[in-house]
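Biologist: I am new to this model. Please pick one spot in it and take me through it closely.

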Amino acid sequence: SSGTPARVAGSVAVQAVVSTQSTGDTRTENTVTMSAGAAARIASLIQKEKGDVVVRVSVSGGGCSGFQYNFLFDHTINDDDLLIERDAARVAIDSTSLNFLKGSEINFVQ
């Protein structure tokens, strides 16, 4: 593999909702969780890819419209990544993006 992240495929991309509602539970507010629906969708997308892949979630500045949440296939897990695994779904989040996503849940909405 090239090591370059590839965008999650087309119009059926992970249509994830990153929820940042506070639960008051510090165990979940310092990490990121993944719903069962998101895990099932991500696992089905990963299964179609070649090799050992994860879905990389990252946050970038979006100018006046706020932040952009990016979902990409990646073949690399870096030392500073948070790796979230649920069933056959694997999501990697870099440490910089994690600061913006702490307390969030990755969810799939159709």
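**A close look at Ile84**

Modeller: Set aside the neighbours within four places in sequence, and Ile84 is in contact with Val32, Met34, Ala89, Arg90, Val91 and Ile93. Contact means heavy atoms within 4.5 Å. This is a predicted model: local features need pLDDT of at least 70, side-chain atom pairs count only at pLDDT 80 or more, and totals for chains, interfaces and linings use all residues. Numbering starts from 1 along each chain as its sequence is written, and side-chain values use heavy atoms, with hydrogens and water left out.

Where is Ile84? Strand β6, residues 82-86, holds Ile84. Strands (E, at least two residues) and helices (H or I, at least four) are DSSP runs, numbered from the N terminus. Take Met34, one of the contacts of Ile84. Along the sequence, Met34 and Ile84 are 50 residues apart. In space, their C-alpha atoms are 7.6 Å apart.

Is Ile84 buried or exposed? Ile84 counts as buried because its relative accessibility is 10%. Buried means under 20% relative accessible area, exposed over 50%, and partly exposed in between (1.4 Å probe, protein chains only).

Asn70 sits in strand β5, residues 67-74. Its relative accessibility is 16%, so Asn70 counts as buried. Ser104 lies in the loop between α3 (95-101) and β8 (105-108). Ser104 has 2% relative accessibility and therefore counts as buried. The side chain of Ser104 reaches the backbone oxygen of Leu101 at 2.7 Å.

Conventions:
Polar contact = N/O pair within 3.5 Å; in protein donor to acceptor, adjacent residues only side chain to side chain.
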